[in-house]
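Subject: Model handover

Hello,

Here is the model we talked about. Please open it next to this note.

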Amino acid sequence: MFRALADPTRRSLLDELFKRDGQTLSELEQRLPMTRFGVMKHLKALEEAGLVVSKRRGREKLHFLNPVPIRLVHDRWVSKYAEPWAADLSELKRTLEKTMEKVFEIYIKTTPERLWHAITDTEMRRKYTFGAVVTSDWAQGSRYEGRGHGNLIFEGENLEIHPPRRLVQSFRAVWGEDVKGEGTSRVTWEIEQVGDSCRLTVTHDQLRDGANNQLYGGWPMILSGIKTLLESGEMLTTPGSLRWVEGRTEQLPEVH
């Protein structure tokens with residue numbers, strides 16, 4: 001079989017039968033730059049190696065590709081070397097593509113309209129998003145950005161806008177070299193009225209498995225801040241909550 005496969009013309013014949021099985025000698029002859037006798041000689045070698053099987057149909061002799069011998073070679077010699085590599089590459093692919101999501105939920109005594117306004121209004125957002133100035137025209141497909149001390153710290157696109165119930169945004173952090181490499185993730189804000197209150201659920205997903213926790217570690221403080229603001233009119237002053245307020249240089253507390 002190896003001797004039969006060593007000839008490039010014979011490999012070409014197998015390729016032709018792979019494209020369309022059950023061809024006659026005349027059909028195969030038209031596809032190769034050689035005499036009819038030459039094609040017959042190569043077909044005979046392939047039949048002797050078990051790689052081609054011929055069947056008579058009336059006055060015609062049809063040739064069929066027989067993949068079994070090649071499969072036996074693969075199973076005996078190739079697969080035992082290839083499978084560990086294939087398994088490793090498959091595992092690497094799964095690892096690289098594996099993502100995680102974080103879900104945060106809080107109840108706030110307010111209306112959906114007030115809560116939506118707090119999420120999309122620049123001045124109100126600044127009071128609970130560590131002092132960051134978030135701007136956008138809040139149209140679907142538009143860009144939004146957050147700035148701290150005049151510098152861009154995060155940005156993204158408004159993927160879905162359904163006031164006052166649902167806001168879906170892409171999210172890319174750029175406030176430090178350690179988070180820039182994490183790429184783009186997604187944040188979904190969902191508002192559901194429950195009695196005289198609202199349940200606010202923030203889902204941060206499409207995060208790389210094991211992503212830097214700075215990307216999502218601030219959400220509990222943000223949600224606590226928006227609750228405090230809407231229910232009491234006050235701002236949180238816990239460590240890190242004023243990180244980007246002008247004139248301050250606070251750092252976010254480490255999140256484990």
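The expected span of a helix is 1.5 Å times one less than its number of residues. Keep that in mind for helix H2. The model is a predicted one.

Helix H2 covers residues 8-19, twelve in number, so it should span 16 Å. Its end C-alpha atoms lie 17 Å apart, which agrees.

Which residues of H2 are buried? They are Thr-9, Arg-10, Leu-13, Leu-14, Glu-16 and Leu-17. Seen down the helix axis, these buried residues fall within an arc of 160°, so they line one face of H2. The face turned away from that buried side carries Phe-18 and Lys-19, both exposed.

Thr-9 is itself one of the buried residues of H2.

Is Glu-182 buried or exposed? Its relative accessible area is 16%; buried means under 20%, so Glu-182 is buried.

What does the side chain of Glu-182 reach? It reaches the backbone nitrogen of Asn-212, at 3.0 Å. A polar contact of 2.9 Å also joins the side chains of Glu-182 and Arg-208. Leaving aside residues up to four places away in sequence, Glu-182 touches Arg-208, Ala-211, Asn-212 and Leu-215.

Best wishes

Note on methods: Residues numbered from 1 in each chain as written. Predicted model: local features only at pLDDT ≥ 70, side-chain atom pairs only at ≥ 80, totals over all residues. Heavy atoms only, no water. Helix = DSSP H or I, 4+ residues; strand = E, 2+ residues; numbered from the N terminus. Buried < 20%, exposed > 50% of the residue type's maximum accessible area, 1.4 Å probe, protein only. Arc of directions from axis to C-beta. Polar contact = N/O pair within 3.5 Å; in protein donor to acceptor, adjacent residues only side chain to side chain. Contact = heavy atoms within 4.5 Å.
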